[in-house]
Amino acid sequence: METGNTTSGFILLGLLNHTRAHQVLFVMILTIVFTSLVGNALMILLIHQDHRLHTPMYFLLSQLSLIDMMLVSTTMPKMAADYLTGQKSISIAGCGLQIFFFLTLEGGECFLLAAMSYDRYVAVCHPLRYPILMSWQLCLRMTLGSWLLGAADGLMQAVATLTFPFCSGREIDHFFCEAPALLQLVCGDTSVFEYLMYICCVLMLLIPFFLILTSYSLILTAVLCMHSTEACKKAFATCSSHLAVVGLFYGAATFIYMRPKSYRSANHDKVVSAFYTIFTPVLNPLIYSLRNSEVKGALRKCIARCAL
């Protein structure tokens, strides 16, 4: 296939068509996106307003909510505009920015979830030493490190992906610019880049995931040794919500980025990508608010204050 001129950008084929069923699904997706933005913004507001939530644990949670808001804002407005207007083109610069911001946020969330698991490990296993082992200085360093590592990965993959020669077909079978989908249009050998991308995925996904499993294994061991039933229930309630988020996020991300090219299916990739870019962000505030008495208390306090 001939190499095409990509100065005019690409065409995003999208997630939905204009059948009645997909129109209903589009309205549902918009509702979920709106709920996600409102829920995560509310989490950030509650954590900022209530002094009882001014702890490293809730600061990390506010960063997770911020990442989820930005993640939804990176992909959903373009998808909605394309569906409503029928103008599905995206420029080279726009595609590169989507790849950069998406991978920055995804990578940042990987390391942030690992930091949150360490916070829970210290809180459960070493509660008396928590102010020392999880100081504000360490918390800020881990947060900054998460953002910087995510940005480094996003910049590297965005630049490397767009330097390849693309074939004359400019249609990306996806609803946003994602590096694996864009590689399907390359008219050259991408094996070296795919190998490097696989190594990046090991560093960004498997190492944080291993740290998370280690933290929760230690937490589970400590919880099983507790003689207080109430303490056990509280520890499990605190950690189970985090594990639910981790399982949903890492499962979907691993499916997208760690499969060989020969096993990829555009339809499967779009569905899984939709899951962790649309549905996971709305689950985070729901899981943390419904399973956390302190957050629910802050919400009741905020509602009471607004009602006066």
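## Close-ups of a predicted model

**View 1. Ser36 sits in helix H1, which covers residues 20-49.** This is a predicted model, and here we zoom in on one serine. Ser36 has 0% relative accessibility, so it counts as buried; the cut-off for that label is under 20%. Look past the neighbours within four places in sequence, and you'll find Ser36 in contact with Val72, Pro281 and Val282.

**View 2. Met258 lies in the loop between helix H8 (229-257) and helix H9 (266-290).** Is Met258 buried or exposed? With a relative accessibility of 13%, Met258 counts as buried, because buried means under 20%. Setting aside residues up to four places away in sequence, Met258 touches Tyr198, Cys201, Val202, Leu205 and Leu206. Then there's Ile199: Met258 and Ile199 are 59 residues apart in sequence, yet their C-alpha atoms are 9.4 Å apart in space.

**View 3. Helix H3 (residues 92-125) meets helix H7 (residues 191-224), with axes that come within 9 Å.** Those axes cross at roughly 15 degrees, which means H3 is roughly parallel to H7; angles under 35 degrees get that label. The crossing of H3 past H7 is left-handed.

**View 4. Here are the side-by-side partners in the contact of H3 with H7.** From H3, the residues making the contact include Gly107, Phe111, Ser117, Arg120 and Tyr121. H7 brings, among them, Leu203, Met204, Pro208, Ser215 and Tyr216. How do the residues of this contact divide up? There are 19 nonpolar, three polar and one charged.

Conventions
Residues are numbered from 1 along each chain as its sequence is written. This is a predicted model: local features need pLDDT of at least 70, side-chain atom pairs count only at pLDDT 80 or more; totals for chains, interfaces and linings use all residues. Side-chain values use heavy atoms; hydrogens and water are left out. Helices (H or I, at least four residues) and strands (E, at least two) are DSSP runs, numbered from the N terminus. Buried means under 20% relative accessible area, exposed over 50%, partly exposed in between (1.4 Å probe, protein chains only). Contact means heavy atoms within 4.5 Å. Axes are lines fitted to C-alpha atoms, for helices over the stretch in contact, and angles run from 0 to 180 degrees between N-to-C directions. Angles under 35 degrees count as roughly parallel, over 145 as roughly antiparallel, 65 to 115 as roughly perpendicular and the rest as oblique. A crossing is left-handed if the near helix is turned anticlockwise from the far one by less than a right angle, and right-handed if clockwise. Ala, Val, Leu, Ile, Met, Phe, Trp, Tyr, Cys and Pro count as nonpolar, Asp, Glu, Lys and Arg as charged, and the others, Gly among them, as polar.
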